[in-house]
Amino acid sequence: MRYTASKSAMSLAQGNGGDTYLYILAAANVPIRILGWGVSFNGLTAGEAKILCELCTSTAAATGTEAGAVTPVKLDADRSETIQGDPGYGPFTVEPTVLSVVHTEYVDGQAGWKEYFPDGYEIIVTGAKAAAIRLTSPAAMTTCSAACWILCEE
């Protein structure tokens, strides 16, 4: 079953040092495949340094403290199964531990970026582990808001 976890209007602070903005914890014994991910920003000032956007996996040793929960949305709406992944959004007040960077992009604060992985090249997150999007903003950046999404399949 395919679903998305997304959240918008998350305030991105100047020089945040790297914060997790979207996190999906796979249920025990139910791996998830990351089929794609994306970010966008509503910055107002042209020419500023780019925002570092990282897709990460996590051992979920400590899941961190999220700002709130995200309701995942089924893309196969007529299927009766229940989504097992547990997404949350940030910025996290306590960061998840043991994040491993899988994919990195620099994105302009007035733009967005998305990646869909080709069949056979999806990122596999095993049960009881997690996927996350972490954003690092430059110190001189004008404050803006971020929108993030992860496309998953269980």
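1. Glu54 is buried in this predicted model. Its relative accessible area is 9%, which is under the 20% cut-off and therefore counts as buried. Glu54 sits in strand β4. What does the side chain of Glu54 make a polar contact with? The partner is the side chain of Arg134, at 2.7 Å.

2. The surroundings of Glu54 deserve a look. Leaving aside neighbours within four places in sequence, Glu54 is in contact with Trp37, Val101, His103, Thr104, Ala132, Ile133, Arg134 and Thr136. Two of these, Trp37 and Ile133, come up again in the core described in point 4.

3. The sheet. Six strands form an open sheet in the order β5-β7-β2-β11-β4-β8, and the pairing is antiparallel. β5 (68-69) and β8 (99-107) stand at the edges. Each has a single partner strand, so one side of each lacks a neighbour in the sheet.

4. The largest nonpolar core has 34 residues. Ile34, Trp37, Val39, Phe41, Ile133 and Leu135 touch the most other members. Which elements give two or more residues to this core? They are β1 (2-12), β2 (19-25), β3 (32-41), β4 (51-58), β10 (123-125), β11 (130-136) and β12 (144-153). A second core is separate and holds 7 residues, including Tyr23, Cys56, Ala60 and Ala130.

5. Phe41 can be followed in detail. Not counting residues up to four places away in sequence, Phe41 touches Leu12, Ile51, Cys53, Val107, Asp108, Gly109, Gln110, Ala111, Leu135, Cys144, Ser145 and Ala146. One of these, Leu135, is listed with Phe41 among the core residues that touch the most other members.

6. Salt bridges. The count comes to 7. Arg33 forms one with Glu153, with the closest N and O atoms 2.0 Å apart. Arg33 lies in strand β3 and Glu153 in strand β12, so the pair ties together parts that are 120 residues apart in sequence. Are these two residues buried or partly exposed? Arg33 counts as partly exposed, at 27% relative accessibility. Glu153 counts as buried, at 17%.

7. Asp108 is partly exposed, with a relative accessible area of 22%. Lys50 counts as partly exposed too, at 43% relative accessibility.

8. The side chains of Arg79 and Asp76 meet in a further salt bridge, at 3.7 Å from N to O. Arg79 counts as partly exposed, at 35% relative accessibility. Asp76 counts as partly exposed, at 24%. Which residues do salt bridges with shared partners join into one network? Arg2, Arg33, Glu122 and Glu153. The Arg33 and Glu153 pair from point 6 belongs to this network.

Conventions. Residues are numbered from 1 along each chain as its sequence is written. This is a predicted model: local features need pLDDT of at least 70, side-chain atom pairs count only at pLDDT 80 or more; totals for chains, interfaces and linings use all residues. Side-chain values use heavy atoms; hydrogens and water are left out. Two strands pair if DSSP finds at least two bridges between them. Helices (H or I, at least four residues) and strands (E, at least two) are DSSP runs, numbered from the N terminus. A nonpolar core is a set of buried Ala, Val, Leu, Ile, Met, Phe, Trp, Tyr and Cys residues joined through side-chain atoms within 4.5 Å. Buried means under 20% relative accessible area, exposed over 50%, partly exposed in between (1.4 Å probe, protein chains only). Contact means heavy atoms within 4.5 Å. A polar contact is a pair of N or O atoms within 3.5 Å; within protein, one must be able to donate a hydrogen and the other to accept it, and residues adjacent in sequence count only if both atoms are side-chain atoms. A salt bridge is a side-chain nitrogen of Lys or Arg within 4 Å of a carboxyl oxygen of Asp or Glu.
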